[in-house]
Amino acid sequence: MSKLKVLNAESINKLLDMGSVIDVVAHGYGSKEDGSGVIWPMIYYEFETDKADMDIRSGYLKNQGVYGAKLLSWFSGNSNNGLPELSGTTMIYDAKTGSPKGLVNAAALTGLRTGAAGAVGSKYLANPKSHKLLIVGAGNQAAFQVLGQINVLPELTDVSIYDPIDSDNAVKFAGNLPDILNQKIMNSEKVSKNVAEIKNRISKINFSAVSNIEEATKGADVIVTVTPSTKPMLKLAWITPGTHLNTIGADMEGKQEVDENIFPQAKVFVDDVTQATSVGETQTAIKKNLITKSDVTEIGKLVKANKKNTDFSGITIFDSTGIALQDISAAGLAVQRADQLNLGESVDL
Ligand SMILES: NC(=O)c1ccc[n+]([C@@H]2O[C@H](COP(=O)([O-])OP(=O)(O)OC[C@H]3O[C@@H](n4cnc5c(N)ncnc54)[C@H](O)[C@@H]3O)[C@@H](O)[C@H]2O)c1
């Protein structure tokens, strides 16, 4: 049996740059469209303990010859004991032999592939001349979202951060963002093709915290929502025509970040129709019969047709709930690069 490559967070950060992850995630969406990418039903379990859950997402990328699964655990009490709230593993297998190929730190990979998902949304739907980005949420995922957006929106001048429950955190986070982003870029500089370009873009951006969400929403060209909110935070009346939204935070039943009345007014794209309409941001608009599944298009259709939006007169939404093809494609790239660069540990099972 071939050896299993084990990659910890440090290796993942060295092996995967945001630009490449955006490419493989887009490819994963496209493969779902043409049938060469398959996802299997998600498993979700809430533990009896206070605020702890786990989910398993799995799928198969036929053209890459890999299939696999991610098991991600979230234990909210861990922060009291100095442990990370989010932890997990992604396993990928060789589709010719069934042999395990890679075991990867899933928390590190999740940040990158989720940032890349938001970036694919903006790459295909947002006005490439967008100047103002608003991020709603200043937690674990937020910096990855900012980095993803900077990769695909070359004319960004302003990045505003809004934390719905902790305005001090938004101020601290916005102040630290240039360093956080530059650190992420430098971690993967050996494999990245656009280090200088992205550093240059970051140096030209004004990063700030905002406390007035109505004003910030009205002034934004692109908005990313990335919180575990269960109540809408952005109202339809605040969204100006031409705005693109990436809704990332809602990935379970009951979560909601934006007014469901935005959906009938917008062109709606999702990663997976079944998942987005049951656990994504789209769930509420569907439950309230404001839209039907036929109003929702998978983003893989645009990727596969290489067709970017060119009509910026209305509102666009990309609702990303997170699918296994993102994890498997990114893990596959990490393992391939680790073999080439002799990084990580190779284990005989
Ligand atoms: N779509 C995907 O693929 C994907 C991937 C990873 C995480 N997520 C989801 O993204 C969300 C954010 O993840 P994270 O790891 O950055 O979370 P986090 O807990 O690190 O940060 C969340 C941010 O939201 C704020 N917040 C916390 N509770 C809130 C509430 N009830 N209402 C509004 N704001 C609140 C926090 O102050 C913080 O700014 C979660 O819902 C997570 O499940 C989605």
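How many helices and strands are there in the protein?

1. The protein has 11 helices and 15 strands, where helices (H or I, at least four residues) and strands (E, at least two) are DSSP runs numbered from the N terminus. This is a predicted model, in which local features need pLDDT of at least 70 and side-chain atom pairs count only at pLDDT 80 or more, while totals for chains, interfaces and linings use all residues. Residues are numbered from 1 along each chain as its sequence is written.

2. On overall dimensions, a compact globule with 349 residues would have a radius of gyration near 20 Å, and the 19 Å of the protein agrees with this; the radius is taken over C-alpha atoms, and the globule rule is 2.2 Å times the number of residues to the power 0.38. The C-alpha trace spans about 60 × 45 × 45 Å along its principal axes.

3. Of the 349 residues, 52% are buried, a residue being buried if 20 or more other C-beta atoms, placed from the backbone, lie within 10 Å of its own. Among the contacts with a separation of 6 or more, 75% join residues 24 or more positions apart, a contact meaning that the C-beta atoms of two residues, placed from the backbone, lie within 7 Å.

4. An open sheet of 7 strands runs in the order β2-β3-β4-β5-β6-β1-β15 with mixed pairing, two strands being paired if DSSP finds at least two bridges between them. Its edge strands, β2 (37-46) and β15 (345-347), each pair on one side only. Neighbouring strands of this sheet are turned by 15° against each other on average, direction ignored, with axes fitted as lines to C-alpha atoms (for helices over the stretch in contact) and angles running from 0 to 180 degrees between N-to-C directions.

5. Within this sheet, β2 and β3 pair in the antiparallel sense over 8 bridges, and G37 has L61 in β3 as its bridge partner. Their hairpin has 5 residues between the strands, and K51 there takes a positive phi near 50°.

6. The antiparallel pairing of β3 and β4 extends over 10 bridges, with L61 standing opposite V66 in β4. The hairpin of these two strands has 4 residues between them, and G65 in the turn has a positive phi of about 65°.

Key
Buried ≥ 20, exposed ≤ 12 C-beta atoms within 10 Å, placed from the backbone.
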